Amino acid sequence: MKKIVTIGLGLAASGLFLSCAKSFKGIPEVTSKMAMENGVKESDLARGRGVYMAHCASCHERIHPGEIDPEFWRGVTPHMAAKAKLSNVEQTQLLRYVMAAHAEVHGFDPEH
Ligand code: HEC
């Protein structure tokens, strides 16, 4: 029971964090630092960002990667990749990029 309460509080806290988050501007550029910190090749991240820029703003505005939780990105990406008719490779690169970009703007805060 105690554990459930703790998890509940954690979720509430992260919800609060999201609702207070500053509004992000610009889709983060890929940097070698971002690649290194995420253990992903810079060229893959760059391709992922390219996919994001090219295919993800035709139906709705391009959503800043930092505005969506990593868990939600994992779930929504295959769904959106199908809508945008991405290949499997493009989908993988896209997901790597949005996760890395999310981490970049939020920092590697284990609480988040
Ligand atoms: C064919 C139109 C279409 C394309 C292309 C598309 N989306 Fe979407 N997107 C939608 C619709 C419609 C929704 C609303 C909910 C749903 O269908 O899941 C949505 C919802 C979302 C959400 C959830 C937003 C929220 O606040 O809940 C995210 C994130 C997202 N899209 C990202 C993407 C990404 C990344 C791409 C590029 C691969 C993309 N979308 C391409 C139509 C599209």
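Me: Six donors count as octahedral if opposite donors are over 155 degrees apart and all others between 65 and 115. In this predicted model, what makes the arrangement around the iron atom of the ligand octahedral?

Reply: The six donor atoms subtend angles of 88 to 179° at the iron atom, which makes the arrangement octahedral. For six octahedral donors, the ideal angles are 90 or 180 degrees.

Me: Which residues are the protein donors of the iron atom, and where do they lie?

Reply: The protein donors are His 60, through NE2, and Met 80, through SD, at 2.0 to 2.2 Å from the iron atom. His 60 belongs to the loop between helix 3 (42-55) and helix 4 (70-83), and Met 80 to helix 4, so the pair ties together parts 20 residues apart in sequence.

Me: Why is His 60 called partly exposed?

Reply: Partly exposed covers the range between buried, under 20%, and exposed, over 50%. His 60 has 39% relative accessibility and therefore counts as partly exposed; Met 80, at 28%, also counts as partly exposed.

Me: Why is the pair of Tyr 52 and Trp 73 called edge-to-face?

Reply: Rings pair if their centres lie within 6.5 Å, and planes over 60 degrees apart count as edge-to-face. The centres of these two rings are 6.2 Å apart and the planes stand at 80°, so the pair is edge-to-face. Tyr 52 lies in helix 3 and Trp 73 in helix 4, so the pair ties together parts 21 residues apart in sequence.

Me: What is the aromatic pair of Tyr 52 and Tyr 97 called?

Reply: This pair is tilted, with 6.2 Å centre to centre and 50° between the planes. Tyr 52, Trp 73 and Tyr 97 form one aromatic cluster.

Key. Residues are numbered from 1 along each chain as its sequence is written. This is a predicted model: local features need pLDDT of at least 70, side-chain atom pairs count only at pLDDT 80 or more; totals for chains, interfaces and linings use all residues. Side-chain values use heavy atoms; hydrogens and water are left out. Donors are N, O and S atoms within 2.8 Å of the metal (3.2 Å for Na, K and Ca); water is not among the atoms, so sites may look incomplete. Four donors count as tetrahedral if all angles lie between 85 and 135 degrees; four count as square planar and six as octahedral if opposite donors are over 155 degrees apart and all others between 65 and 115; anything else is irregular. Helices (H or I, at least four residues) and strands (E, at least two) are DSSP runs, numbered from the N terminus. Buried means under 20% relative accessible area, exposed over 50%, partly exposed in between (1.4 Å probe, protein chains only). Rings of Phe, Tyr and Trp (its six-membered ring) pair if their centres lie within 6.5 Å; planes under 30 degrees apart count as stacked, over 60 as edge-to-face and the rest as tilted.
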